[in-house]
Amino acid sequence: MSANKRPLSPFMIGPYYKPQMTSILSITHRATGAALVVGTLLLVYWLVWAARGPGFYEQAQTVLGSMLGQLFLFLWTWALFYHLANGIRHLFWDAGRGFELDEATKSGWWVIWSSIILTFLCWLIAAP
Amino acid sequence: MSIRTPLGFVRGLGSAKDGTHHWWMQRVTSVALVPLVLWFVISLLSVSRVDYATFQQWLSNPIRAGLMVALLATVFYHANLGMQVIYEDYVRPECKKFIAVLATQFVLFVLGAISIVAVLKIALA
């Protein structure tokens, strides 16, 4: 029998698995990672426009300072803190720690709240 | 079509000897990114709304420019490793996966090069 014809477990999103906090945090780690790659385009834009001279720098500051720019940067900040916090959670798992269900749930809540609090803290400090 | 199983094709060829390299470099870059990202965020809190002269002055410090280059190089490397895993999990068939991985590698490498040159240009101006 060809190995290709063997049955596969169903895709994680769908009616087959009950959503759990740990599984939602897991896919969010991926989603924020991919979103951060796209968001990094903003950082490249900012640096390149700054390198082109003061006029272009002011232009980029205006674009990023607009309502839409600020909204993107706010979401980008949260995605960054989430990926950072959950990344540290992953590093502890890589070291073989925190695998018990109650520990994984507890560290998951830490990730959720620390990412939200750090995001608001940053924007309170950097507010215009 | 062949009646040989996928395992039969590779048996006897030996391992590629780089099985854990991708996984390990993802961890190395993530450990490096923890302090770099914290430095970056704290720095941006102070220079996100300053005028050009102040920003140029800030980045002309070689330690800051060096950390910025290190951050960019590590970020784009880490991004490339992460995107590759996402494609490998979701993109089929093999040829589309291959193109997606290769295209992302090229784009991220160029973006990394551009942003690093931009930082150096500002820092050395």
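The model is predicted; local features need pLDDT of at least 70, side-chain atom pairs count only at pLDDT 80 or more, and totals for chains, interfaces and linings use all residues. Residues are numbered from 1 along each chain as its sequence is written, and chains are lettered from A in the order in which they are written.

**Interface**
- Contact joins 25 residues of chain B to 26 residues of chain A (C-beta atoms, placed from the backbone, within 7 Å).
- On chain B, helix 2 (21-47), helix 3 (52-59), helix 4 (62-90) and helix 5 (94-124) each supply at least two residues of the side that touches chain A (helices are DSSP runs of H or I, at least four residues, numbered from the N terminus).
- That side of chain B comprises 17 nonpolar, five polar and three charged residues (nonpolar: Ala, Val, Leu, Ile, Met, Phe, Trp, Tyr, Cys and Pro; charged: Asp, Glu, Lys and Arg; polar: the others, Gly among them).

**Nonpolar core**
- The largest nonpolar core has 28 residues, of which A:Ala50 and B:Val119 touch the most other members (buried Ala, Val, Leu, Ile, Met, Phe, Trp, Tyr and Cys joined through C-beta atoms within 7 Å; buried means 20 or more other C-beta atoms within 10 Å).
- Helix 1 (21-51) and helix 3 (67-94) of chain A, with helix 4 and helix 5 of chain B, each supply at least two residues of this core.
- Helix 4 of chain B gives the most, seven residues.
- Beyond its neighbours within four places in sequence, A:Ala50 contacts A:Tyr57, A:Ala60, B:Phe55, B:Ala118 and B:Ile122.

**Confidence**
- Chain B has an average pLDDT of 93, and 99% of the residues score at least 70 (predictor's confidence in each residue, from 0 to 100).
- The complex has an ipTM of 0.89 and a pTM of 0.89 from the predictor.

Terms used:
Two residues are in contact if their C-beta atoms, placed from the backbone, lie within 7 Å. A residue is buried if 20 or more other C-beta atoms lie within 10 Å of its own, exposed if 12 or fewer, and partly exposed in between; C-beta atoms are placed from the backbone.
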